[in-house]
Amino acid sequence: MDFVFAQFLTGLAGAASLFLVASGLSIIFGVTRVVNFAHGAFAMLGAYVAYTLTARFSGPFGFWGGILGASVLVALFGAVIEMALLRRLYRAPELFQLLATFGLTLVFEDLVVLVWGPDDLLGPRAPGLAGAVELFGQAVPSYDLLLIALGPIAFGLLWLLFHRTRFGVLVRAATQDREMVAALGVDGRWLFTAVFTLGVFMAAFGGAVQLPRDAVNHTIDLRLIVDVFVVVVIGGLGSVGGAFVASVLVSELDAFGILVLPGVSLVLVFVVMALVLVVRPFGLFGRAEAPSRAVPEPGRKPPAPLSAPARLAVAALVAATATVPLWAGDYLVTVGSEILIVAIFAASLQFIMSAGAMVSFGHAAYFGLGAYGAALAVKLLGLPMLPALACGMLLALAGAALFGWFCVRLSGVYFAMLTLAFAQIAWSVAFGWTGVTGGDNGLLGLWPDGWAASPRAFFWLCLAAAAASVALIRALVFSPFGLGLRAVRDSALRAEALGLGRAPVQWAAFALAGTVAGLAGGLFVFLKGSVFPDSLGIGTSVDGLVMVLLGGIGTVSGGVVGAVVYKALSVWLISQTDHSKLALGLVILALVLLFPAGLGGLASRLAPRRRRAAAPAVHPAVGVGGAP
Amino acid sequence: MTGRARVSRRASAAGLGALAVGLGWLGTAGAALAADIKVGEINSYSALPSFTEPYRKGWQLAVDEINAHGGIGGKTLVVVSRDDAGKPGEALTAANELVSREGVVLLAGGFFSNVGLALGDFAKQHRIVYVAGEPLTDALVWSAGNRYTFRLRPSNYMQAAMLAEEAAKLPAKTWASIAPNYEYGQSAVAVFKKLLSARRPDVTWVAEQWPTQGKIDAGPVAQAIAAAKPDAILNVEFGPDLVKLVREGDTRGLFKGRSVVSFLTGEPEYLDPLKDEAPEGWIVTGYPWQAIHTPAHDAFLKAYQDRYHDHPRLGSVVGYALIQAVAGILRKADSTDPETIVAAAEGLGFDTPFGPASFRAIDHQSTLGAFVGTTARRDGAGVMENFRYVDGAAVLPPDADVKALRPKE
């Protein structure tokens, strides 16, 4: 009993740590709809700056002054970022800010190592709170007790701010309906800046107060961002109270879960999120968003199939690409194969994102299922390469059909996060089922059959697969099925009135996209000769998103351009510099600022700009906040 | 024609165009250096700077020393280094580049076990020798071992054997384990359990915790282990996870009155960051650089400190010894033919800052050992004391067992 109480307190301390960071993310998303991927990076910066300040000024004033000072400094920095970068992007398709904040995260991760050095840094313990308090015969760290108090205090202060000040009223109003707030004459720009700054302050504070418990290092950002996002989604987006309850729920389940299943931390938060979202599609305390008033832009013309000359041009380009192995060396040909494979992956993701407005944060699941399906078909069934690839696609199809059935009942960020939850569950199976998948050590020795063993033969195989996949997807977009998919995207209500249900159409599209991603995953296995759990990991999903966004979410096949640019750039940068993340992040930021409609959307930039200037709302079709 | 149609058409056309441009761009990268003999080196530079920075300093020191003393049979040794960002897939791309564009005669490096295994498999497929530095998984030279793969550092099994020998001397009868939830942690605990039970059949295991690597929730983990009241604890956590575990465990009195046996904790990479909170009296493997006084280590320490004005970490020794071993292999082979290089490497003896070591012909594992001792605090920093050097050859299983483990070729 004493132990249960102590474990409960420990869980509460963890919950407070989680809540401080999560509240900031929830506030930022609620008002600005920015999916702030850099939120973990701001928390990391808070910890690093606090380390420097507390090392310089000692004593209680030095310690707490250092923590507050670091939070303020990082918050001001966040304000600068908002004004210099994000403010330029509010008119772009919503998710584009995810790309920008992803670029920022890459930059920060390398910068902190350059500035603070490669070693893990140990901050001071809180003066006067270094020890433990004896409670019912159990030692409970006094700093934990402080954290347990800090969580509700921060929650209370935020509540007062939101319910007792004019600023808070505006924030809540904007969370509910920001178009109406803008229509009532509130200057949205400064409201957004203030909210972003407040959110970053909470992140930096949340990172800084971990100083006495943690070692400051450059991986804090990614460790935090996913968990924090999960907490915000479980609680319901924009609901600070929901984030609080979700933090407690997740932390206590973890604290007691590990007593029963010592390895449960690997997957626990994602299982909880999946269960919550299946039962409550808007999280515990979230509400369905007000239906978007934006109508499909009157001047917008739907995409059309290629004209005959354009088809010829594309065919000529494919033919030109097919000559690559004739003049390039083995290395370039192999890199070319990899680029073609990720292009298939990006094209499959773009199909559901652009034509279906289904933004998946977990598309890697189907890439990885395809990879493991093909690998296991070789290892367990002894199949040759092509049948193994078919097995991989079947496994990906099965996975996408199963997970998709649940996911298509949701929309917007909730959809995205449920796909992420399923992807993480699939990842943990690959990671943990060592007997079959080899766990973290992966499966080895999976090289192509003799006829495709040479780099050039494999390149041609990949080229054929890529051309076929992209052609199939384009044909589908312009088929009656694709028209139906676009109809439920643009107006689910009108489509349903016409007898076109949203869920079945989206489910079919989701399963199909998963199958094509599975082909990419299978090819990737034979390119690398091996498969590892990271093929199902968050990193692969994020890469896919980045490629589609870079290519242009408003296009049909822009993701192919995005894939080529992103993959070629990252391979080249990684071979040229040890600071490839810094360089890649800067390039992404530059591209985001130069081409806010994506590389493939370059041509459409001029026309829509005038309209969007009048209504800074949203791209109706493709926001993560999308209408239900 | 509509606006959107124009976009999508351009998008696909631009995609293929960009592929061609991208390839052309890559084609200009990595112009050949005027090198005599090239070795490819791959490591997780951006993912794990706390290990790889000292590691890079170590191998750079070795390269300069080798070239100052006549290089490899009169040729200059050039190491072409690449980052793998901690991902096996990127490591394979880099390996491909190094082999097919840079024309390296041999590959070396690696930190993560899965990167090491991927490179080992690449080596087998492409018939090029790979000398792993850091990857610890037993599979690398045993169950997934192959003709072209060698490994420098004492493996998981070897470190477990060193620690189990010490642990068996403890009076502790009930044990608990804390290890990261992936192959490295799992196999470290499994081997340690097996070897300890062989010496001490009376030992029982009363609790285990498997936090996610890099994401330990140290408070609940420490509390859960403490609740089982074990006599002794086996720890396999390292890096930031170790710092959190030590802090939470200390505050909660988890380590008070208990023996702790811990993998790798004596390595400066993991011990230094703990500063004045370094644990005391833990039985660890590691590298007590301040207190090793042998001619080989003195010379290495002096050269390293003169050049970098910093003390070496274990990574520095790994990088230094790795390139010294590679140079030894290439000198003896005097050829770029992979089969000749394999033949030269098998059984080859080489000098390291820890003393002489050799690559065993039977499984290509080197006999480089490690220091086993107990942790202590001195002048506000963690150190190792009462340590001894355990030669790797002394803790490897019998040849018959090794033969059974390795696949037939």
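Modeller: A word on terms first: domain bounds come from an automatic or database domain assignment. On that basis, chain A is divided into domain 1 (2-218) and domain 2 (331-462 + 471-601). Residues are numbered from 1 along each chain as its sequence is written, and chains are lettered from A and ligands numbered from 1 in the order in which they are written. This is a predicted model, in which local features need pLDDT of at least 70 and side-chain atom pairs count only at pLDDT 80 or more, while totals for chains, interfaces and linings use all residues.

Colleague: What pLDDT does chain A average?

Modeller: The average for chain A is 87, and 93% of the residues score at least 70; pLDDT is the predictor's confidence in each residue, from 0 to 100. Over residues 605-628 of chain A, however, the pLDDT is below 50. Beyond near neighbours in sequence, that stretch has 54 contacts in the model, a contact being two residues whose C-beta atoms, placed from the backbone, lie within 7 Å.

Colleague: How far apart are the C-alpha centres of the two domains of chain A?

Modeller: The C-alpha centres of domain 1 and domain 2 of chain A lie 33 Å apart. In chain A, 17 residues of domain 1 are in contact with 20 residues of domain 2. The side of domain 1 of chain A that touches domain 2 of chain A has 13 nonpolar, one polar and three charged residues. Here Ala, Val, Leu, Ile, Met, Phe, Trp, Tyr, Cys and Pro count as nonpolar, Asp, Glu, Lys and Arg as charged, and the others, Gly among them, as polar.

Colleague: And how is chain B divided?

Modeller: Chain B has domain 1 (37-154 + 293-368) and domain 2 (157-291 + 372-395). Their C-alpha centres are 28 Å apart. In chain B, 19 residues of domain 1 are in contact with 15 residues of domain 2. The largest share of the domain 1 side, three residues, comes from helix 11 of chain B; helices (H or I, at least four residues) and strands (E, at least two) are DSSP runs, numbered from the N terminus.

Colleague: Turning to the chains, how many residues of each are in contact?

Modeller: 96 residues of chain A are in contact with 86 residues of chain B. Helix 23 (residues 558-576) of chain A gives the largest share of the chain A side, 11 residues. By class, that side divides into 48 nonpolar, 32 polar and 16 charged residues.

Colleague: In what sense do strand 1 and strand 2 of chain B pair?

Modeller: Strand 1 (residues 37-43) and strand 2 of chain B pair in the parallel sense over seven bridges, where pairing requires that DSSP finds at least two bridges between the strands. Within this pairing, Ser81(B) in strand 2 is the bridge partner of Glu41(B).

Colleague: Is strand 2 of chain B mostly covered or uncovered?

Modeller: Strand 2 (residues 77-83) of chain B is mostly covered, with five of its seven residues buried. A residue is buried if 20 or more other C-beta atoms lie within 10 Å of its own, exposed if 12 or fewer, and partly exposed in between, with C-beta atoms placed from the backbone.
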